Amino acid sequence: MKVQLYNTTKKLCVIGDPVLHSKSPLIQNTMLQALGLDYVYLCQKVPRGCAAEWLRCAAFSGYAGFNATMPHKEGLVPLMDELDEDARLYGAVNTVCIRDGKYYGFNTDGRGFLAALQAAGISPAGEKVLVLGAGGAAKAVAPKLCQAGEARSVFVANRTVEKAAALCAGALEGRMAPADFTPDTLCRLAEGCGLVVNCTNLGMEGTRGQFADFSFLEALPDGAAVCDVIYAPAETELLRRARERGLRTLNGLGMLIWQAVFALEHFTQTPVDGKAVLPLVEAALGEARLNP
Ligand code: NAP
C-alpha cells in the first residue's frame with residue numbers, strides 16, 4: 001500500500017523475530033490512512049535478547065510506540081515504566097507507548113479476542129469454556145474469558161499440562177482449571193461446554209500439526225460455539241468440522257484486527273471506531289492475499 005510521509009510523520013512499528021510475515025503494518029497503515037492520522041507503521045526485526053537495546057533505539061529515534069510479537073512479549077514486562085492491568089495479569093506486553101522517555105506497556109490481545117466474540121454475537125458469560133493450549137495466545141484469552149468475559153469456568157487443556165497448571169495458578173484461581181490434552185479428557189470437558197477456543201498451533205498454515213482426534217466436537221451441546229485464534233487458513237480443519245457439525249464458528253481474524261484497534265487507541269490517544277474500520281482492514285487483508 002502507498003503511505004504519505006511528511007517531516008512531521010510519527011513512527012510506529014511491530015517488532016519480532018521472525019516479523020516479515022506480520023499483518024500489523026498493513027492493518028495499522030490502513031486504519032491510520034482511513035482516520036487521517038499522521039503516523040507511519042513499519043516492520044522492525046529485533047532478535048531475541050535485544051529488547052532492551054531496541055527500547056533505547058526506539059526512544060532515541062522518536063518512535064511513538066510499537067507492537068511486539070514473538071519472542072518479546074514476556075521479556076518486555078520488566079523493562080516497562082508502567083504496565084496496564086492486562087499486561088500485568090498475562091505477564092506479557094503486546095503494545096508499548098513511548099512518552100517523555102518513559103515506556104508504557106499494554107496488552108490488547110484479551111480485549112481484542114472478547115471484542116471479536118462480541119461482534120460475532122458469541123457471549124461467554126455464564127458458560128463453561130474450554131481453552132485448548134497454554135501458550136502466548138491462551139495466556140491472554142483464558143483469563144480474559146474469566147474476568148471481563150464472565151465465563152462460569154474456564155478449563156485450560158494443554159499437551160504440557162504443567163504449563164496449563166501455571167496459567168491457572170494466577171489471580172483467577174478457582175474459576176480456571178488445568179487439564180491434559182488427551183482425546184478422552186477433551187471429550188469429558190466438552191460436555192456441557194458453551195464455547196471452545198483453540199489457542200494451539202494445530203491447523204495453522206505452514207505447520208504440519210493437526211488434532212489427533214476431533215470427537216470432542218460431538219460431545220459439545222448443540223448451540224455451542226467453536227473459535228480458533230488462527231486466521232490463516234480462514235477455516236481450519238477444526239472450524240470446518242465444527243461448522244459441519246452445525247456449531248457456530250469464528251476464526252482469529254477478528255481478534256487480530258480488534259487487538260490492533262485497541263493498540264492504535266493507545267498509540268494515538270484517540271478513540272477508534274472499530275466497527276467503521278473493520279471492513280476496510282478486512283478488504284486490505286483480502287487484497288493482499290490475492291496480490292501477495
Ligand atoms: P505458543 O506460545 O507457541 O503456544 C503454542 C501452543 O500450541 C502451546 O499450548 C502448545 O502446547 C500447543 N501445541 C503446539 N503443537 C502442538 C501439538 N502438536 N499438539 C498439541 N498442542 C500443541 O504460540 P501462541 O503465540 O500461543 O500462538 C498460537 C496460535 O495462535 C498461532 O497459530 C498464532 O498465529 C495464533 N495467534 C493468533 C492471534 C490473533 O490475533 N488472532 C494472536 C496470537 C496468536 P505445549 O505447551 O505442550 O507446547
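This report describes the fold, the ligand surroundings and several local backbone features of a predicted model.

## Basis of the model

Because the model is predicted, local features are reported only at pLDDT of at least 70 and side-chain atom pairs only at pLDDT 80 or more, whereas totals for chains, interfaces and linings use all residues. Residues are numbered from 1 along each chain as its sequence is written, and side-chain values use heavy atoms, with hydrogens and water left out.

## Overall fold

The protein chain contains 11 helices and 12 strands, where helices (H or I, at least four residues) and strands (E, at least two) are DSSP runs numbered from the N terminus. Its radius of gyration, taken over C-alpha atoms, is 19 Å, which agrees with the value near 19 Å for a compact globule of 292 residues, the globule rule being 2.2 Å times the number of residues to the power 0.38. Along the principal axes, the C-alpha trace spans about 60 × 40 × 35 Å.

Buried residues account for 49% of the 292 residues; buried means under 20% relative accessible area, exposed over 50%, and partly exposed in between, with a 1.4 Å probe and protein chains only. The accessible surface of the chain comes to about 13,800 Å², and 52% of it belongs to carbon and sulfur atoms; such areas come from the Shrake-Rupley method with a 1.4 Å probe, and for residues only the protein chains shown count as cover. Among contacts (heavy atoms within 4.5 Å) between residues at least 6 apart in sequence, 67% join residues at least 24 apart.

## Surroundings of the ligand

The shell around the ligand holds 21 residues, of which A137, N158, T160, K163 and M204 come nearest; a residue is near when one of its heavy atoms lies within 4 Å of the molecule. These shell residues divide into 11 nonpolar, 8 polar and 2 charged, with Ala, Val, Leu, Ile, Met, Phe, Trp, Tyr, Cys and Pro counted as nonpolar, Asp, Glu, Lys and Arg as charged, and the others, Gly among them, as polar. Helices α5 (136-146) and α10 (253-268) each supply at least two residues of the shell.

Polar contacts (pairs of N or O atoms within 3.5 Å) to oxygen atoms of the ligand involve a polar backbone atom of G136 at 2.9 Å, an N or O atom in the side chain of N158 at 2.7 Å, and an N or O atom in the side chain of K163 at 2.7 Å. Taken alone the ligand exposes 920 Å², and the protein buries 77% of that.

Q28 is placed in helix α1 (residues 24-35) and counts as buried because its relative accessibility is 0%. Leaving aside residues up to four places away in sequence, Q28 touches Y41, N67, A260, A263, L264 and F267. The C-alpha atoms of Q28 and L42, which are 14 residues apart along the chain, are separated by 9.2 Å.

## Backbone features

Most residues other than glycine have a negative phi, and most peptide bonds are trans. A cis peptide bond with omega of about 5° joins D17 and P18, and P18 lies in the loop between β1 (10-16) and α1. Another cis peptide bond, with omega of about 0°, joins M70 and P71, where P71 lies in the loop between β3 (63-68) and β4 (82-83).

D100, in the loop between β5 (95-99) and β6 (102-106), has a positive phi near 50° and counts as exposed because its relative accessibility is 83%. Q269, found in the loop between α10 and α11 (274-290), has a positive phi of about 50° although it is not a glycine, and at 59% relative accessibility Q269 counts as exposed.

Technical notes:
A polar contact is a pair of N or O atoms within 3.5 Å; within protein, one must be able to donate a hydrogen and the other to accept it, and residues adjacent in sequence count only if both atoms are side-chain atoms.
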